[in-house]
2 protein chains.
Amino acid sequence: MKISIIGSGNVATHLAIAFFRAGHDIVDVCSPSPGHAQALASEVRARAVTQPSQLDPAVDLCLIAVRDDVIADVAAAVTLQRAILVHTAGSVSLEVLSSHRRIGVFYPFQTFSKGRQLDVAQIPFCLEAGDPETLDQLKMLVESLDATHHELNSAERKALHVAAVFACNFTNHLYALASELLREKGMPFDLLKPLIEETAGKIKERDPLEAQTGPAVRNDLKVINEHLKLLQDKPEFREVYRLLSASISKMHQG
Amino acid sequence: MKISIIGSGNVATHLAIAFFRAGHDIVDVCSPSPGHAQALASEVRARAVTQPSQLDPAVDLCLIAVRDDVIADVAAAVTLQRAILVHTAGSVSLEVLSSHRRIGVFYPFQTFSKGRQLDVAQIPFCLEAGDPETLDQLKMLVESLDATHHELNSAERKALHVAAVFACNFTNHLYALASELLREKGMPFDLLKPLIEETAGKIKERDPLEAQTGPAVRNDLKVINEHLKLLQDKPEFREVYRLLSASISKMHQG
């Protein structure tokens, strides 16, 4: 496929490189910052442009991978007639693209970080499209990456995105809170790494409800109260501890 | 070493088997339930007993791996004179064993689940002892398992245990909440597995503070408010969402 990319952030970069490696022809990379556009464009042998109006019209697909709140504006500035126009956002409806003829959502359900390699074949792509032919083309694009796809409508995708905030963003924040507790006592974060790995590894083979361990699921009030006492000078940590313990109790005893 | 084990739960089972495989001689397995004692004893070619008073006195080490709140009572019932007596609990002081002469803590910093294999060499063991010779013997025991050890006093160990509740128990609960959100919409939990794996994998190479992604760290109030609206019929999920988002904002924006 002939593909153009709007955006130069983590998602744009990972996808552009994945498409390029899968043999697709990346035509343009568009970013308002000429330096960012050029940096990514040179990695995928594309042309760098700074305005959507400058995009070469002779492409099959134009992928918008920009911040959620500017997708609508960017889409409005795209003048391509023939190309499928897709965005990559979990929380944004297909509708924001509806002034275009052939539209879709190409949501890679994964967390992307600068400088971290990802195996694109391990990413579940969540697809939605305005018409069946467009959907078929998006499926073929996923297949060209050796990845899997799920068809989700906008409401399902939004629910999935909320779930991802819990399972990924909030989880990472708990790692950060744990790290801070260790740092204060002069203990290395490395101590926690095997535990974090095992906690995540466990849910590959069992439901997280069954995998739950710790004082809250045992309703071990003695330990819980000792922990709250240890956190007495850290009201923020205490509040998180209290709320999540109560939530565990409710889910398991409630 | 000649070792006896008091307890027959997850920690007792994993450690007894690890000691046995490393070539140690497991003498007795003690559990108030004869069936549980016998089940574990037969796995490690030991004798099953139901009372601490029945333990063979000719052992080098007696390991108490029972619920935190019964460790003191169990220790009081142990009449061994010569053996090192250790417990395995993160939140319990060394002092609860102080009526004995040679005491220690042998805390395997990992989450144990029935029926799930663990590589014991990947477990950081947190050690504390009443005297230097005992500490040396505990270090040698860890080395015999090819594992690593850290010397932590009781205060440090308790702080580490609190950190583990955040990084493991609460994290797993977030997986359970995410799973519940998907189940309600008929989406499979499998969708989340690559994301969970990547989120945990990322912190092997970068600090969780740097690895943070999502609407809260971007201060993307539009997405946050949409998510809270989607959770409006689930006050518990909402409260967790709100508190953790605020905690992320505070940690990152100050």
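## Symmetry of the two chains

Chain A is superposed on chain B by a rotation of 180° with 0.0 Å of shift along the axis, at an RMSD of 0.0 Å; the copies are fitted by least squares on the C-alpha atoms of residues with pLDDT of at least 70 in both. That is the relation of a two-fold axis. In chain A, the C-alpha nearest this axis belongs to A:T171, at 2.7 Å from it. The same surface serves both copies, since 100% of the contact residues of chain A recur in chain B. Contact here means heavy atoms within 4.5 Å.

## Basis of the model

The model is predicted: local features need pLDDT of at least 70 and side-chain atom pairs count only at pLDDT 80 or more, whereas totals for chains, interfaces and linings use all residues. Residues are numbered from 1 along each chain as its sequence is written, chains are lettered from A and ligands numbered from 1 in the order in which they are written, and side-chain values use heavy atoms, with hydrogens and water left out.

Chain A has ten helices and eight strands. These elements are DSSP runs numbered from the N terminus, with helices being H or I of at least four residues and strands E of at least two. The C-alpha trace spans about 70 × 40 × 30 Å along its principal axes. Of the contacts in chain A with a separation of 6 or more, 50% join residues 24 or more positions apart.

Of the 254 residues in chain A, 57% are buried. Buried means under 20% relative accessible area, exposed over 50%, and partly exposed in between (1.4 Å probe, protein chains only). Chain A carries 26 positive and 31 negative side chains, and the centres of the two sets lie 5 Å apart. Lys and Arg count as positive and Asp and Glu as negative, while His and the chain ends are not counted; each charge is placed at NZ of Lys, CZ of Arg, CG of Asp or CD of Glu.

## A residue in contact with the other chain

B:S247 has its place in helix α10 of chain B (residues 235–253). Leaving aside neighbours within four places in sequence, B:S247 is in contact with A:H173, A:L177, A:E236 and A:V240. B:S247 is buried, with a relative accessible area of 4%.

## Helix α2 of chain B

Within helix α2 (residues 34–43) of chain B, the residues B:A37, B:L40 and B:A41 are buried. Seen down the axis of α2(B), its buried residues fall within an arc of 105°, so they line one face of the helix; the arc is that of the directions from the helix axis to the C-beta atoms. Their cover includes α1 (10–21), β2 (25–30) and β3 (47–49) of chain B. After α2(B) comes B:R45, with a positive phi near 50°.

## Loop residues

The loop between α4 (132–144) and β8 (148–151) of chain B holds B:L145, a buried residue with a relative accessible area of 5%. Apart from neighbours within four places in sequence, B:L145 has contacts that include B:A18, B:F19, B:A22 and B:F106. In chain A, the loop between α4 (132–144) and β8 (148–151) contains A:D146, which is exposed at 64% relative accessible area. A:D146, a residue other than glycine, has a positive phi near 60°.

A positive phi of about 55° is also found at B:N219, which is not a glycine. B:N219 lies between α8 (215–218) and α9 (221–230) of chain B, in the loop, and is partly exposed with a relative accessible area of 41%.
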